[in-house]
Amino acid sequence: MDEGAFGRAAQERAIAEVEAEMARLCELLAEGLAMGVDEGREMVGGAMSEFLVEFFDLARAEGSRPGVKAMITLPLLVHGAETGEPGPAMPVAVLHLLWWASARYLHDLTGAAGAPSPGGAAAGGRVLTALAVGGQLPGRLIAGLPAGAAVRAALADELSRSWVDAVDGRLRDLTERAPNATPESVLRGYEGRAGAPYAMAAASAARLAGAVDHRVAGWRAYGRALGVLRRLADDQRDLASGRYEDLAAGTATFLLVHLLGELPPARRREALALHASARHSASARAEMASWMLDEEVAESYAVSLAPLIDRARGLLDMLGGDPGCVRELHRVVDGTVGHLPGLPLAAA
């Protein structure tokens, strides 16, 4: 179905255009020509180009293309909802992709299972490159946008806000322990580590569209809500795929904390011991996953998620805008929710 200003076929064309723009950016970076400063930045430009090519290759290898598509289409749809024209938000889609390319590497470096070794000159260079890709390159691209100074300043503010919020969320994630975690504390972390970049992308697109402050705030809230739902869906995919990366890292996910809250004291202690063993034992990870994917747990989990889903949908209904783009934004929510246990909606 391709109804409205930005239906499925139009989205695929826009995604292809953004990916082509990213490829062009990589070529310019390799030549030291895309920093918005003097020529002769081949060293950092080449490093960033290789970093981005590896990011997209890894995303394709891991089957993450649907996630990449969502990163691209969110700002386009928000701009389209405000103006009827999605296309002018393509620079924001590029910024969003740069953010995630950087954050994905830094996330792995700070504690995920299978994280790259922090030692050595090569690893140090990768860290510096990740920081340039996610922080400095977006700042240079914002400075070069053909927009007014106030708009460019607002976009820079959204970028800075997203990084501060995301670091806060990641720090919470690294220090949160299952015995003391609560649903509220876990969601607070998710709002940072996953909600912040989507909030940035949505609010930046609204800024670029010339939206007034209260509508920008509304789109920022919608982006944050969507990011949290996508984080919850990623938690589920990690279990369903058998990777069990969160269990190996000892992460207190929302599903784990929900399970612990549903158990009587003796079973809760048993679950906590199993969760502790899961960091070092494949069999313990598999057993813990079976607890978390139990049908009754999934049903009660779905009930606990309903307010989060209702919030994302309610924000869209409140904001309104171009009907075709708003309809597609609802589909983004529904497609994300379709990956959650106990909520068997068809994926978009």
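A: Let's begin with Asp168, which counts as partly exposed at 33% relative accessibility; the term covers what falls between buried (under 20% relative accessible area) and exposed (over 50%), with a 1.4 Å probe and protein chains only. The model is a predicted one, in which local features need pLDDT of at least 70 and side-chain atom pairs count only at pLDDT 80 or more, while totals for chains, interfaces and linings use all residues. Residues are numbered from 1 along each chain as its sequence is written, and side-chain values use heavy atoms, with hydrogens and water left out.

Asp168 has a charged partner: its side chain meets that of Arg172 in a salt bridge, 2.7 Å from N to O. A salt bridge here is a side-chain nitrogen of Lys or Arg within 4 Å of a carboxyl oxygen of Asp or Glu. Because Asp168 and Arg172 are four residues apart in helix 6, about one helical turn separates them. Helices are DSSP runs of H or I with at least four residues, strands are runs of E with at least two, and both are numbered from the N terminus. Arg172 is partly exposed too, with a relative accessible area of 30%.

A second pair in helix 6 has another setting. Asp173 and Arg170 form a salt bridge whose closest N and O atoms are 2.3 Å apart. These two lie three residues apart in the helix, again about one turn, yet both are buried. Elsewhere, salt bridges that share partners join Asp157, Glu158, Arg161, Arg207, Asp213 and Arg220 into one network.

Helix 6 spans residues 149-175 and includes Leu171. Together with Val167 and Leu174, Leu171 makes a nonpolar surface patch of about 240 Å². Patches are built from residues with over 30% relative accessible area and no salt bridge; nonpolar side chains (Val, Leu, Ile, Met, Phe, Trp, Tyr) are joined within 5 Å, and like charges within 9 Å. The areas come from the Shrake-Rupley method with a 1.4 Å probe, and for residues only the protein chains shown count as cover.

Ser204 touches Val92, Leu155 and Glu158, leaving out residues up to four places away in sequence; contact means heavy atoms within 4.5 Å. Ser204 sits in helix 8, residues 195-208, and is buried with a relative accessible area of 1%. A polar atom of the Ser204 side chain lies 2.7 Å from the backbone oxygen of Met200.

Helix 7 (residues 183-193) is worth a visit next: Val186, Leu187, Gly189, Tyr190, Gly192 and Arg193 are buried there. The buried residues of helix 7 pack against helix 6 and helix 8, and also against helix 4 (90-109), helix 9 (213-240), helix 11 (254-262) and helix 14 (295-319).

Now to the start of the chain. Glu12 forms a salt bridge with Lys69, with the closest N and O atoms 2.7 Å apart. Glu12 is in helix 1 (residues 8-30) and Lys69 in helix 3 (residues 65-83), so this pair ties together parts 57 residues apart in sequence. Glu12 is partly exposed at 37% relative accessible area, and Lys69 is also partly exposed at 24%. Ile15, likewise placed in helix 1, is buried with a relative accessible area of 1%. Its contacts, leaving aside neighbours within four places in sequence, are Arg65, Lys69, Ile72 and Thr73. Ile15 and Ala93 are 78 residues apart in sequence and 9.2 Å apart in space, C-alpha to C-alpha.

Stepping back, the chain has 15 helices and zero strands. Buried residues make up 50% of its 348 residues. Among contacts between residues at least 6 apart in sequence, 72% join residues at least 24 apart. The chain exposes about 15,300 Å², with carbon and sulfur atoms supplying 56% of that area. The count of salt bridges comes to 18. That of disulfides, pairs of cysteine sulfur atoms within 2.5 Å, is zero. Two cysteines to look up are Cys26, buried at 8% relative accessible area, and Cys325, buried at 0%.

Key: A polar contact is a pair of N or O atoms within 3.5 Å; within protein, one must be able to donate a hydrogen and the other to accept it, and residues adjacent in sequence count only if both atoms are side-chain atoms.
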